[in-house]
Amino acid sequence: MTIESFAARTPVGALVIQARGDELIAADFVVSARPARATLRNPVLREARAQVRAYFARRLRSFDLPLVFAGTPFQVAVWTLVSELETGELVSYSDVARAVGSPRAHRGVAAAMARSPFDLFIPAHRVIGADGTIKGAGSNSIRRRLLKFEGITLR
């Protein structure tokens with residue numbers, strides 16, 4: 001099955017979203033990308049674009065998209081839990097570890113978030129250190145811009 005994608009400009013950077021059939025397989029912020037000029041024929045990509053636009057228009061608090069998680073059972077549990085966070089809702093890596101039944105695995109949660117295939121849809125920017133600061137891998141500038149967009153300022 002063919003992989004289709006499109007790039008969208010957002011207030012925090014370019015977001016490239018990929019689909020295979022009727023499922024999303026990746027969404028990544030990239031340094032530069034040109035928005036798709038062609039009409040999107042794939043319904044799931046059209047829906048993803050609509051939800052991204054609604055989020056940045058402040059009309060959507062959480063995403064409801066068919067995401068395909070390819071990872072370990074622990075990673076999938078972490079990604080599933082984090083994908084349910086709403087705009088402005090913050091949790092710590094330790095909170096996530098406890099919620100998925102591995103209370104000592106805060107570093108494992110950080111590693112799972114670093115390997116997330118879905119920027120924005122699995123909101124790593126909403127998972128912070130127990131001390132209230134941004135921790136872990138990933139683009140701190142994108143994470144900070146997303147938090148600022150959601151009205152959250154961290155130390």
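Is A50 buried, partly exposed or exposed? With a relative accessible area of 37%, A50 is partly exposed, where buried means under 20% relative accessible area, exposed means over 50%, and partly exposed lies in between, computed with a 1.4 Å probe and with protein chains only. The place of A50 is in helix α1, and between A50 and S83 there are 18 Å from C-alpha to C-alpha, at a separation of 33 residues in sequence.

The model is predicted, so that local features need pLDDT of at least 70 and side-chain atom pairs count only at pLDDT 80 or more, whereas totals for chains, interfaces and linings use all residues. Residues are numbered from 1 along each chain as its sequence is written, and side-chain values use heavy atoms, with hydrogens and water left out.

Five helices and five strands make up the secondary structure of the protein, helices being DSSP runs of H or I with at least four residues and strands being runs of E with at least two, numbered from the N terminus. Read from the N terminus on, the elements follow the order β-β-β-α-α-β-α-α-β-α. The radius of gyration of the protein is 15 Å, close to the 15 Å that the globule rule gives for 155 residues, so the protein is as compact as a globular protein of that length; the radius is taken over C-alpha atoms, and the rule is 2.2 Å times the number of residues to the power 0.38. Along the principal axes, the C-alpha atoms fill a box of roughly 45 × 35 × 25 Å.

Of the 155 residues, 43% count as buried. Among contacts between residues at least 6 apart in sequence, 56% join residues at least 24 apart, a contact meaning heavy atoms within 4.5 Å. The accessible surface comes to about 8,500 Å², and 49% of this surface belongs to carbon and sulfur atoms; the areas come from the Shrake-Rupley method with a 1.4 Å probe, and for residues only the protein chains shown count as cover.

In helix α4, which spans residues 106-114, V109, A110, A112 and M113 are buried. These residues cover an arc of only 160° around the axis, which puts them on the same side of α4, the arc being that of the directions from the helix axis to the C-beta atoms. The buried residues of α4 pack against α2 (73-83) and α3 (93-99).

In helix α5, residues 140-149, the buried residues are I142, R143, L146, L147 and F149. They too cover an arc of only 160° around the axis, which puts them on the same side of α5. After α5 comes G151, whose phi is positive, near 85°.

Positive phi values also occur in residues other than glycine, among them R58, with phi near 65°, and L120, with phi near 75°. R58 has its place in the loop between α1 and α2 and is exposed, with a relative accessible area of 58%. L120, by contrast, is found in the loop between α4 and β5 and counts as buried at 3% relative accessibility.
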